[in-house]
Amino acid sequence: MREKLVEFKNVSFRYGEEQSWVLKNCSFEIYENEAAAIIGHNGSGKSTIAKLMNGLLFPQEGEIIVNGRHLTQESIWEIRKDVGMVFQNPDNQFVGTTVQDDIAFGMENRGIARDEMVKRIDDILKAVRMESYRLTEPHKLSGGQKQRVAIASVLAIFPQVLILDEATVMLDPRGRRDIMKTVTNVKEERNLSLITITHDLKEVVQAERVIVMNDGEIREEAVPRDIFAKKAELHEIGLDIPFIATLSDELQKAGVPITNEALSHEELLEELWTSHSTT
């Protein structure tokens, strides 16, 4: 049984005493080597969760535990070694004049030996398929390439949790697929816990568990297939259903014998093939 890596216990947060609560009594866990997704419309509280998890914010109520440590002013730097975060705009994360300098920055701050730094840079550039851009200035890269470097810079410190906070929102569909494939591969190689925070339901298909946020509260928590089956509820809170799920639903209404909620083109084709073969 997997151990709990992150725990939110009755966490509430607001940005000022006169402001309304952005999070209200939220409780959930993230487990070792888990792929989880947190989804919700803009303003639902999902990005606030990311900042709390990384120690960029502190809750007014409740407690947060990361890898056995309670989040406090004293533990924050140890917790940030375990939790890495990639934001939607990678330009805000660049500090180095070249790709390799940027990846080295976090390791230098942690006093990692030079030989180990060189090895990690080599391995991580290969993992994100950016080996040939080692000496390139980050601002000369495309949007997708910048996100790969941002991910590489976080991975270089060997976190146990990787948070993608709307990290693909500025990319085109192909760029999004490439980034998510890269991250999924790295997760499996490193046994990371991956938390994808997004309003795009197409990005949560591979998640083991989905947490749905609405107005600062946890609305639903289930596997993706069960979440996508609740189309009316998702529409009600402002989330768009992936096309493949909508198509699957329409085919069922038209009398096509589809037994499972399809989450991908491959699954839908398999369902159609199976139903055709048995009729």
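Which residues is E32 in contact with, leaving aside its neighbours within four places in sequence? They are R2, E3, L5 and S193, where contact means heavy atoms within 4.5 Å. The model is predicted: local features need pLDDT of at least 70, side-chain atom pairs count only at pLDDT 80 or more, and totals for chains, interfaces and linings use all residues. Residues are numbered from 1 along each chain as its sequence is written, and side-chain values use heavy atoms, with hydrogens and water left out.

**Residue E32**

- E32 sits in the loop that runs between β2 (23–31) and β3 (35–39); strands are DSSP runs of E of at least two residues, helices are runs of H or I of at least four, and both are numbered from the N terminus.
- The relative accessible area of E32 is 34%, so the residue counts as partly exposed, the class between buried (under 20%) and exposed (over 50%), with a 1.4 Å probe and protein chains only.
- From C-alpha to C-alpha, E32 and G45 are 23 Å apart in space, and they are 13 residues apart in sequence.

**Residue Q93**

- Q93 is placed in the loop between β6 (83–86) and α3 (99–109).
- The Q93 side chain reaches the backbone nitrogen of F87 at 2.9 Å.
- Not counting residues up to four places away in sequence, Q93 touches M85, V86, F87, D102, A150 and V154.

**Domain 1 and domain 2**

- The protein is divided into domain 1 (4–93 + 160–240) and domain 2 (242–278), with bounds from an automatic or database domain assignment.
- Taken over C-alpha atoms, the centres of domain 1 and domain 2 are separated by 30 Å.
- Nine residues from domain 1 and nine residues from domain 2 take part in the contact.

**The interface between the domains**

- Domain 1 and domain 2 bury about 760 Å² between them, 68% of it on carbon and sulfur atoms; buried area is the accessible area (1.4 Å probe) that two parts lose on being put together, summed over both.
- In domain 1, R225, F228 and K231 lose the most area to domain 2, together 68% of what that side buries.
- Helix α7 (residues 224–228) gives three residues, the largest share of the side of domain 1 that touches domain 2.

Conventions. A polar contact is a pair of N or O atoms within 3.5 Å; within protein, one must be able to donate a hydrogen and the other to accept it, and residues adjacent in sequence count only if both atoms are side-chain atoms.
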